Amino acid sequence: MQVMQILKDKGQTSVVTVTPDTSLADVVATLSAKRIGAVVVLSDGHNVAGIVSERDIVREVARRGAACLTLKASDVMTREIKCCGPMDSTDEVMERMTAGRFRHMPVRDKGEMIGVISIGDVVKARLAELHMEKEALTGMIMGN
C-alpha cells in the first residue's frame, strides 16, 4: 500500500498548521480541539519549519512546568523533519518512522504539503494489507 491510499482512506483534505510565533498554549488548544497528536509549523505559509507533537510539549512541561505554555511553537518544535511522498510504501514509511523514533510525518507532493500521516495510520493500513493477504491465501487453500 502507498501513502496516497492512507490519505484517501483518512479522507484528509487539509493539514493543521501553525506559525512559528503561535504560543504553546494555542498549540495545545488546537491539538485538543482537533483531537490530533501534532501540528506542522509553516515558516511562510508554505515551507515546513518544524513540527510540534505531544511529545515535544510533554518534554517542555517536564523541564519548565506550566510556564512553558507562554513559549512559541518555534521554541519547542522539532526542526529536522522527515517527509514522505504519496508514492512511498507503507513499509518504507514504517521503517523510517521506527528508525527515527517519531510518530508523525508530513506528506509532500511536488513541493506542496498534502497531508500528515501518523504511525497509527501506517499500522492500520498494514493490518488491512495483512488481512487481505490472509483472506486471499485462505481462499486459495480452500479452493475459492
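Cysteine 84 has a relative accessibility of 4% and counts as buried. This is a predicted model.

Student: How many disulfides does a search of the whole structure find?

Tutor: A disulfide is a covalent bond between the sulfur atoms of two cysteines. Here the search of the whole structure finds 0.

Student: Is cysteine 68 buried or exposed?

Tutor: Cysteine 68 is buried, at 0% relative accessible area.

Student: Now the sheet. In what order do the strands lie?

Tutor: Strands of a sheet pair through backbone hydrogen bonds, in a parallel or an antiparallel way. In this model, 3 strands make an open sheet, ordered S1-S2-S3, with mixed pairing. S1 (17-18) and S3 (48-53) are the edge strands, each pairing on one side only.

Student: Which sense does each pairing take?

Tutor: S1 pairs with S2 (residues 38-42) in the parallel sense, over 2 bridges. S2 and S3 pair in the antiparallel sense over 5 bridges, and valine 39 stands opposite valine 52 in S3.

Student: What is found between the strands in the hairpin of S2 and S3?

Tutor: There are 5 residues between the strands, and glycine 45 takes a positive phi near 90° in this hairpin.

Note on methods: Residues numbered from 1 in each chain as written. Predicted model: local features only at pLDDT ≥ 70, side-chain atom pairs only at ≥ 80, totals over all residues. Heavy atoms only, no water. Pairing = 2+ DSSP bridges. Helix = DSSP H or I, 4+ residues; strand = E, 2+ residues; numbered from the N terminus. Disulfide = S-S within 2.5 Å. Buried < 20%, exposed > 50% of the residue type's maximum accessible area, 1.4 Å probe, protein only.
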